[in-house]
Structure formats: structure tokens, C-alpha cells
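Q: I am new to this structure. Please show me how to read a few of its features.

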Amino acid sequence: MARVLITGAAGFIGSHIIRILLDTGHEVLGLDFFQQYIHPLRPTFLENMNYRFEVLLKGTELKRVNTLSTDTMRRAIHRFNPTHVIHLAALPLANIAIHHPEEAFDSIVKGTVNLLEAMRDLEGLERFVYTSSSMIYGDFDTDPMPEDGRKEPKEIYGGMKLCGEILTKVFSQRYGIPYNIVRPSAVFGPTDNNRRVLQIFLEKAFRKKPILVTNPETRLDFTYIKDAAQGFLDIAFSGAANEEFNMTRGNSTSLGEAAAAVKRHFPDLVVEERIKNDTYRPERGALDVSKARTLAGYKPKYDLESGLVEYVDYMRRYNRSITENQ
């Protein structure tokens with residue numbers, strides 16, 4: 001069995017990856033600084049974190065480590081001596097990076113450099129997985145967008161994620177660190193706490209409040225959290241090294257269509273639309289995932305509809321603060 005170290009272990013994607021790893025018999029060390037980017041005392045936030053710790057992270061060795069604390073991180077890594085490292089720890093949202101660029105730099109770029117530096121002397125490291133983003137492409141000029149497409153990020157978050165990719169590659173070339181780069185997009189599902197669009201839609205729907213769809217023609221490649229978590233592991237354990245992978249559903253859905261899908265679960269839901277010029281948000285669509293399918297055996301199982309079925313069921317069962325009156 002593998003020894004897998006995960007940074008950002010208590011986060012949305014990290015906690016779901018850990019559950020799969022533990023259930024399949026791997027040894028796991030989770031590192032997390034427990035830094036939050038939204039109000040941490042919202043009832044739904046606490047409910048989701050409770051589920052993560054009681055269900056997804058149950059049985060995990062979890063250490064509080066900041067990727068900016070180089071000595072602490074190095075000691076933890078070398079004591080565990082992982083065969084695989086999945087790097088998820090980073091500021092998670094583009095709009096936060098715009099307002100806090102120095103924090104974004106420390107979290108995304110400097111934290112990645114510190115981790116790469118700490119891994120230089122590891123013996124037996126089989127794979128480092130860097131988490132990038134579809135935002136690195138900027139406005140998509142191809143649909144679906146392939147890994148070798150034009151990369152012109154139009155905002156701070158995408159630019160810094162692309163910096164992390166470049167640093168991963170040059171450290172690999174200089175120090176022989178085997179890596180893969182993963183580019184997810186619009187991940188959604190149970191325990192999401194970062195106020196992404198489908199979380200907002202569903203919370204408002206449960207509360208019988210209207211949802212506002214800004215720029216309903218905007219298209220995203222929504223990826224259900226179970227597919228994303230398994231996809232990271234497919235890529236981490238694949239025979240293909242030193243590769244870049246899109247890792248999404250592989251189909252795009254407009255925000256208007258996503259709102260309509262939510263409305264099918266809540267027939268009385270009022271949907272309002274508004275057009276707004278968001279200069280920092282790139283025009284995106286579907287990503288080409290054929291490379292991940294071919295080289296890593298990635299097989300996403302959930303479309304938006306089937307993912308919403310599980311997401312709504314989870315919220316009914318565990319987000320009692322918004323569903324108890326349903």
C-alpha cells in the first residue's frame with residue numbers, strides 16, 4: 001500500500017480523497033492549517049465540517065501545518081516519508097485572490113515552492129500531484145479545451161496557479177521530482193463550504209428564497225466531488241508521469257441550465273437573471289478529458305443531474321440548519 005501525504009487535507013476535495021484512500025487500505029498523513037476564507041461560524045459551515053471530521057476524515061492522522069512554516073512542514077514530510085504527495089493547500093477562490101493578492105501569492109506560489117523544496121531529498125517519492133485550475137487558460141479559444149491549449153490567465157488566481165505549474169516543472173527537471181498536474185473545474189457536492197454557485201443555489205432553494213443567476217449564458221464544466229476525488233487518485237497512481245491533465249466531467253452547462261436543474265428539485269423556486277460585466281472571469285466551457293481517460297483511466301460517473309440528486313440528499317440529511325423546516 002502507498003503512503004500518501006495530502007496538504008489541505010481537511011478541505012473540500014482533500015477530505016473526500018482521504019476517505020477513498022483509507023477505505024482502500026492506504027496509509028495517509030493529512031496536513032492542514034485550518035485557515036478559512038468565509039465566515040466560519042455559519043451553521044452550515046459547522047455542519048459540513050462536522051461531517052468531514054466524523055465521516056470523511058475518521059481514522060486520519062491529521063497535523064496542523066502551514067505550508068509557509070518550512071521547518072515544521074519538512075519535519076512532518078520526512079518523518080512520514082510519503083510515496084505520493086497530493087498538494088491541495090491553497091487559497092481556493094478567484095475573487096478572494098483579487099482582493100488579497102499577497103495572501104494568494106503566499107498560499108499558492110510560496111507554499112508550493114516550500115513544499116517542492118521539502119520534497120527534494122525524499123527517497124522513494126513516486127509522484128507529486130500539483131492542483132492547478134482551469135482558470136489558467138483564461139478565455140477558452142477551443143471547446144473542449146485541451147491541455148496544450150493557449151494559456152493566458154486574465155486574473156490573479158489563474159496567473160498564480162500557472163506559476164505553480166511552472167515551478168513544479170522546473171523543480172522536477174532540476175531535482176528529479178516525478179509530478180503530475182491536475183486542472184479541475186467547478187467542483188460541487190457535499191460539504192462544500194466556499195460559497196460556490198451550486199452551494200448558493202441550493203441553500204437559497206431550501207430556504208425558499210429566489211436565486212439570482214448572474215450571466216446565465218456563462219458555461220462551466222461542473223464536476224461532482226466523488227469524480228474529482230477519484231480522479232486525483234487515478235492521476236496520482238497512473239503510470240504516466242510528468243504530465244498535465246484536465247480533470248472535469250468533460251461537458252459544459254450554462255448557469256441558466258444549472259438553475260433549471262436545481263428548480264426541478266424545488267418546483268416553486270423563483271429564478272431571476274441579471275447580466276453583469278465581470279472583467280476578471282474568463283469565458284470558459286468544457287475541458288477535454290480524453291488524456292486523463294487514456295493515460296490515467298479516469299472515468300467520471302456523475303453528470304450535473306445525478307450529482308445534484310446526491311447533493312440535495314446530503315443537505316436534507318446533514319444541513320439541518322437550512323432544511324429542518326422542509
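A: Start with a loop: Pro 144 sits between β5 (127-131) and α6 (156-175). Helices (H or I, at least four residues) and strands (E, at least two) are DSSP runs, numbered from the N terminus. This is a predicted model, in which local features need pLDDT of at least 70, side-chain atom pairs count only at pLDDT 80 or more, and totals for chains, interfaces and linings use all residues. Residues are numbered from 1 along each chain as its sequence is written, and side-chain values use heavy atoms, leaving out hydrogens and water.

Q: Is the peptide bond from Asp 143 to Pro 144 cis or trans?

A: The bond from Asp 143 to Pro 144 is cis, with omega near 5°.

Q: Is Ala 186 buried, partly exposed or exposed?

A: Buried means under 20% relative accessible area, exposed over 50%, and partly exposed in between (1.4 Å probe, protein chains only). Ala 186 counts as partly exposed because its relative accessibility is 22%. Ala 186 lies in the loop between β6 (179-183) and β7 (187-188), and has a positive phi of about 50° although it is not a glycine.

Q: Where does Asn 242 lie?

A: The loop between α8 (225-236) and β11 (243-246) holds Asn 242. Asn 242 is not a glycine, yet its phi is positive, about 60°. With a relative accessible area of 39%, Asn 242 is partly exposed.

Q: Which residues of α3 meet α5?

A: Contact means heavy atoms within 4.5 Å. Thr 70, Met 73, Arg 74, Ile 77 and His 78 in α3 meet Asn 114, Leu 115, Glu 117 and Ala 118 in α5.
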